[in-house]
Amino acid sequence: MRVRFAQEFGASLFDIESANELKDALKQASQRMGFDHFALSLEARTSDDVDTEMLLHDYPDEWAKVYTSFDLAGRDPVRRACDKAFGGFTWEAIGRLIPMTRGDRQMLAVGRECGIGDGFTIPRHLPGMARGTFTFAVAPDRRLPHRWLVAAEYLGTLALTSALHISGMAQPVALPRLSDRPARMPVVGRQRQNCGGNGYHSGH
């Protein structure tokens, strides 16, 4: 059931054409998998993009206001842990990725007070183009649906890919032009050079 859902929902993401459509679809998917909330963040890493950031979430308003009002993004332990993770990680594992400060623990505690308990975050980085994270979260009185984490990582990655194209951050790649002329291959073989009457073979 989980594999089929992931395949079907993942395929549907490629038909989405707007941020609002993507947000609605992700909200339905997160609830279907047993999560309460989601957050998608995508930041451009190039200077010529019209849209340099995309943020989609359904976090409680209280937490969103606290996060933005106090500009917590730069101090967010989850974001810092993303720089040390190669794949998705649960928030209970953050202490194994980065040193946790008293401020970090306090920030997570404030999140719980505002309705965000544990989470599962998927970081992705495309050098020279964009950096993104996708998080599935649960309310403080609930546990993460661990049996869905593999599917969640797969869908979170596809959601970021969809957001990359919707936002216009994805830049077309200029492919090199190949000449129709046959390539000239270097001739490697026996070469002989006279030096004082004594010859040698290259490579010996």
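This is a predicted model: local features need pLDDT of at least 70, side-chain atom pairs count only at pLDDT 80 or more; totals for chains, interfaces and linings use all residues.
Cys114 is buried, because its relative accessible area is 8%, and buried means under 20%, with exposed over 50% and partly exposed in between (1.4 Å probe, protein chains only). Cys82 counts as buried too, at 8% relative accessibility.

Residues are numbered from 1 along each chain as its sequence is written, and side-chain values use heavy atoms, leaving out hydrogens and water.

Now turn to the strands. Helices (H or I, at least four residues) and strands (E, at least two) are DSSP runs, numbered from the N terminus. Five strands make an open, antiparallel sheet, and its order is β2-β1-β5-β4-β3. Two strands pair if DSSP finds at least two bridges between them. At the edges sit β2 (53-57) and β3 (89-90), each pairing on one side only. Follow β3 to its partner β4 (residues 119-126): two bridges join them in the antiparallel sense, and Phe89 has Thr121 in β4 as its bridge partner. Helix α2 (residues 19-32) packs on this sheet, touching β1 (37-44), β2 and β5 (130-137); contact means heavy atoms within 4.5 Å. The direction of α2 makes about 140° with that of β1, using lines fitted to C-alpha atoms, for helices over the stretch in contact, with angles from 0 to 180 degrees between N-to-C directions.

On a 1 Å grid over the protein atoms alone, a cavity is a set of points where a 1.4 Å probe fits but cannot get out, while a pocket is an open set with protein on both sides within 12 Å along at least five of seven lines; lining residues have an atom within 4 Å of a point. Grid points are joined across faces, edges and corners, and a volume is the space filled by probe spheres set on the points.

The largest pocket holds about 670 Å³. Its lining has 30 residues, with Ala39, Tyr59, Trp63, Tyr67 and Asp76 nearest the centre. The largest cavity has a volume of about 60 Å³, and its lining includes Cys82, Arg79 and Ser41. Strand β5 gives the largest share of that lining, three residues.
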